[in-house]
Amino acid sequence: MTDPTEALASARAAADRLVKVKRLNASLTPPKETRKSLLQQAAAVHPSGVLYGMAVAVKDNICTLEFTTTCGSKILEGYRSPYEATAVARLKAAGALIAGKTNCDEFAMGSSTEHSAYGRTQHPTDKTRVPGGSSGGSAALVAAGAVPAALGSETGGSVRQPAAFCGVVGIKPTYGRVSRYGLVAFGSSLDQIGVLGRSVHDAARVLSVISGRDPRDATCEDRDSLRLPTVPESLQGFVIGIPKEYFPPDLDAAVRRACDRAIRWLKELGAAVREVSLPHTPYAVPTYYILAPAEASSNLARYDGARYGPRFDGHLDVRALYRRTRGEGFGPEVRRRILVGTYVLSSGYYDAYYRKAQQMRALLAQDFRNVFDRGVDLLFTPTTPSPAFKAGEKLADPVAMYLSDIFTVTANLVGLPAVSLPIGRVKGLPLGGQFIGQAFLEDEMLEAAYALERVVPAGAAAEV
Amino acid sequence: MAGVVWETVIGLETHVQLRTASKMFCGNSAAFGAPPNTNICPVCLGLPGALPVPNEVAVQLAVRAALALGCTVHPRSLFARKNYFYPDLPKGYQISQFEQPLATEGALSYLSPDRGIATATIVRLHVEEDAGKSLHDRFPKATAVDLNRCGVPLIEIVTGPDFRSPQEARAYLLTLKQVLEYAAVADGDMEKGSLRVDANVSVRRVGETALGTKTEVKNINSFAYVEKALTVERDRQIAVLDAGGGAAILQETLLYDAKTNSVRPQRRKEESHDYRYFPDPDLPPLVLSPEFIAAQQAELPELPATKRERFVTEYALSVTDAAVLTADRAVADYYESVVRAGGEPKASANWVMGEALADAKDHNEALRVPPSALAQLISLVKGGTLSHQAAKRVFSEVAERGGEPRNVADALGLVQVADTGVLVGWVNDVLGAHAGEVSRYKQGETKLLQFFVGQVMRASRGKADPKVTQRLLEEKLAS
């Protein structure tokens with residue numbers, strides 16, 4: 001890939017495909033603007049990079065110089081960051097072309113991409129359904145074939161869950177593997193930039209480029225970038241744990257069938273499969289919905305209309321300015337979480353909620369250590385409790401919406417890497433399975449994903 | 001209640017700016033006085049997605065400050081967010097430390113004007129970032145915000161309720177400032193906001209051990225106001241209690257107004273903060289190795305109290321002189337350089353405390369005469385080459401224009417004449433012109449000798465060596 005015209009051809013093709021999928025409302029950047037920028041980037045890009053000419057869309061909560069960064073929120077309407085995220089800078093340095101910004105739940109709070117101030121994103125194959133969220137725009141664009149890969153972000157499953165719903169691969173790296181510099185914070189101790197790709201390989205090579213130490217993020221580990229694993233011949237020698245708490249009796253039948261079939265394939269590939277227990281799993285969602293809103297309530301305090309973003313005021317005093325800007329600028333789900341977070345951090349409630357949740361987080365991490373210490377290399381679970389649900393179905397019931405993250409939030413709470421990949425279909429709707437790996441052993445986890453990916457049939461044959 | 005004797009109890013929280021080139025969590029300059037909103041970047045502006053990274057130099061300085069104050073430095077401490085809304089706080093929270101601060105349990109001895117040597121306990125010392133500045137008087141009906149100070153590194157030093165008068169509180173602060181300047185962690189210039197004080201004040205009947213209800217006095221923005229502000233609040237509390245009738249002190253936060261020398265309660269809205277502290281998830285625990293802490297200890301210079309004692313024993317100086325010379329580290333270093341360059345210790349002390357400090361006072365605290373030059377000057381006086389008066393002129397000349405004292409003295413014609421051939425001429429002239437005094441001397445009025453010496457000095461315009469002159473006069477008058 002050293003022909004300089006290839007980048008231009010790739011830019012044009014991506015721009016054309018983005019026009020075709022406009023109806024999904026997956027990209028927040030107008031197609032004309034994306035095309036113009038893609039062509040400019042392609043003209044300037046150096047042909048030596050490992051991602052030369054690859055069009056990569058970026059979730060709208062990751063700062064870019066080329067496009068606005070609104071986080072799907074009215075409160076950042078028109079906001080243009082004066083700097084770009086480390087992950088974006090690394091993509092560009094590797095020769096990738098930034099293909100616009102993707103729609104998401106406001107400030108990444110949501111599991112359906114319905115909580116965007118710029119309208120919901122449609123599921124790529126069923127417009128009545130949601131693509132998942134919060135990185136729903138990224139997942140839909142990849143699934144629709146508009147881009148081979150896109151950046152998303154995870155706080156509680158926001159890459160893996162939409163990847164599962166849309167039938168693409170989604171990787172959430174170990175906390176500290178990818179710099180958060182330039183990722184607009186939601187729950188800082190949980191947030192990681194992740195990658196959605198058509199295949200394990202596409203997602204993994206983007207992850208490899210964006211990973212590695214960054215002096216601008218004190219929580220980013222001082223490690224080299226991820227080295228891409230090779231596709232293994234078999235899974236001989238792998239011990240894969242199946243945590244029983246992820247297969248409750250009331251699990252959706254299709255999800256169970258798809259997982260059982262995948263486990264059979266894993267055995268056929270040579271892996272030793274073992275049932276294991278992560279006993280604190282039932283507390284993961286409640287723990288998450290204390291810690292993530294607590295951090296969010298503080299992280300989102302800066303949006304006050306005083307310095308950037310729209311200001312909803314006449315000539316008001318400063319308190320009224322805050323009240324109106326934040327009251328009108330944030331959507332209902334963001335306001336709900338700010339209120340919850342403020343409550344759990346308040347004096348008199350801190351010990352009962354925040355401190356207790358931190359203790360539970362430590363117990364959840366211990367669950368995984370116990371399993372990995374007994375020789376288990378990886379865990380395999382369903383990614384979501386059901387296939388993509390109908391738009392509007394869970395909007396009125398926040399707890400039902402929160403429970404769609406039940407299998408994904410734990411990896412964020414304990415900081416472990418996880419990958420979701422398609423393992424089947426039910427009535428045409430994709431189903432995802434996930435591997436949860438050991439900290440900073442993404443390469444092992446991706447080897448397993450490569451192996452499983454090769455045996456999952458395409459099209460109608462994937463039906464369970 | 002009139003007639004009750006009240007005891008004042010004061011505790012201080014002092015914020016000190018660390019002497020770093022850059023801010024606490026980003027690379028911007030921490031310098032004072034730049035045009036508004038020029039020392040800023042995405043990090044200290046708290047722009048979406050920006051992240052703080054601790055300034056290692058600031059951590060070093062904070063640890064040195066803690067060690068200089070005898071604190072226990074903890075190998076693991078936590079950064080925390082203090083959440084509140086204010087336009088000059090761009091993230092909506094201040095990064096500080098709350099549970100698990102950098103250091104605790106220190107002590108600082110100081111000279112109390114009431115009790116002699118007293119000790120203030122240092123309850124805790126933690127690191128934090130400064131907020132910006134709201135300017136309410138710059139534009140009519142609008143508040144301007146300058147974010148240059150956002151993220152400037154501070155330490156907060158909290159004492160126990162250890163001071164018994166506003167004067168004691170001030171004495172402690174002066175000692176604190178001295179120690180921090182010595183340790184080179186701060187420059188302590190309150191006008192630039194690099195040292196700010198909040199005070200907890202209460203009063204109780206003499207003899208009582210329980211603390212009275214306290215108020216917090218904020219906004220004491222200058223050293224000069226510390227004593228005034230505390231006195232005003234102490235007097236106010238005593239007046240309330242003396243008035244009796246069940247009146248009680250309200251636990252509240254008060255703002256000191258220097259213009260009217262009074263305190264006023266902070267508005268309720270400003271006060272009712274629940275800061276919702278929690279560990280900052282952007283910053284891993286601050287882990288300090290024993291080697292790192294030891295290295296900071298090794299970087300600490302000799303502190304003022306130790307230096308003072310050493311000056312007394314090593315240079316045979318009085319305690320008072322040693323205190324003057326060690327009040328400022330630069331002066332103490334200067335004094336020792338003069339001695340090392342050959343200046344006799346006692347004479348060097350007198351010169352430094354006299355001419356050198358007087359000159360520095362008029363010239364922006366600059367010690368303008370190099371130590372080697374001052375040492376030479378002192379030797380010239382001791383060796384009889386220069387009179388003390390002449391040496392002072394040479395000092396000024398060297399301060400203004402530089403040069404070697406010996407050469408300067410030559411050029412100014414100030415070198416004493418010890419050549420008897422020349423001196424005899426002046427002696428004869430003087431004795432010839434004062435025949436009356438000569439005969440009175442010869443009749444026993446020997447104290448006139450100094451008069452003759454003075455006249456010879458005058459005739460020589462100060463150049464005559466007084467010792468040789470005196471000997472010649474005695475010889476002539478005896479014959």
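In the predicted model, helix α8 (residues 284–299) of chain A and helix α10 (residues 332–345) of chain A approach each other with their axes coming within 7 Å and crossing at roughly 95°. The two helices, α8(A) and α10(A), are therefore roughly perpendicular to each other. On the α8(A) side the contact is made by Ile290(A), Pro293(A), Ala294(A), Glu295(A), Ala296(A) and Ser297(A), which meet Arg337(A), Ile338(A), Val340(A), Gly341(A), Thr342(A), Val344(A) and Leu345(A) in α10(A). By residue class, this contact of α8(A) with α10(A) comprises 8 nonpolar, 3 polar and 2 charged residues.

Chain A as a whole contains 14 helices and 10 strands. Its radius of gyration is 21 Å, close to the 23 Å that the globule rule gives for 464 residues, so chain A is as compact as a globular protein of that length. Taken along the principal axes, the C-alpha atoms of chain A fill a box of roughly 70 × 65 × 45 Å. Of the 464 residues in chain A, 60% are buried, and among the contacts in this chain between residues at least 6 apart in sequence, 75% join residues at least 24 apart.

Between the chains, 24 residues of chain B are in contact with 34 residues of chain A. The side of chain B that touches chain A is made up of 15 nonpolar, 4 polar and 5 charged residues.

The largest nonpolar core has 213 residues, and those with the most contacts inside it are Val56(A), Leu97(A), Val147(A), Leu196(A), Ala62(B), Ala65(B) and Ala66(B). Helix α1 (residues 56–68) of chain B supplies the largest share of this core, namely 9 residues. When neighbours within four places in sequence are left aside, Ala62(B) is in contact with Leu18(B), Leu102(B), Val127(B) and Ile155(B). A second, separate core of 34 residues includes Leu325(B), Val339(B), Val381(B) and Leu414(B).

A further buried position in chain B is Val152(B), which is found in the loop between β9 (142–146) and β10 (153–159) of that chain. Val152(B) has 27 C-beta neighbours inside 10 Å and therefore counts as buried, the cut-off being 20 or more. Apart from neighbours within four places in sequence, the contacts of Val152(B) are with Gln17(B), Lys23(B), Met24(B), Ala30(B), Glu129(B) and Asp130(B). Val152(B) and Ser194(B), although 42 residues apart in sequence, are separated in space by 9.6 Å from C-alpha to C-alpha.

Conventions
Residues are numbered from 1 along each chain as its sequence is written. Chains are lettered from A and ligands numbered from 1 in the order in which they are written. This is a predicted model: local features need pLDDT of at least 70, side-chain atom pairs count only at pLDDT 80 or more; totals for chains, interfaces and linings use all residues. Axes are lines fitted to C-alpha atoms, for helices over the stretch in contact, and angles run from 0 to 180 degrees between N-to-C directions. Helices (H or I, at least four residues) and strands (E, at least two) are DSSP runs, numbered from the N terminus. Angles under 35 degrees count as roughly parallel, over 145 as roughly antiparallel, 65 to 115 as roughly perpendicular and the rest as oblique. Two residues are in contact if their C-beta atoms, placed from the backbone, lie within 7 Å. Ala, Val, Leu, Ile, Met, Phe, Trp, Tyr, Cys and Pro count as nonpolar, Asp, Glu, Lys and Arg as charged, and the others, Gly among them, as polar. The radius of gyration is taken over C-alpha atoms; the globule rule is 2.2 Å times the number of residues to the power 0.38. A residue is buried if 20 or more other C-beta atoms lie within 10 Å of its own, exposed if 12 or fewer, and partly exposed in between; C-beta atoms are placed from the backbone. A nonpolar core is a set of buried Ala, Val, Leu, Ile, Met, Phe, Trp, Tyr and Cys residues joined through C-beta atoms within 7 Å.
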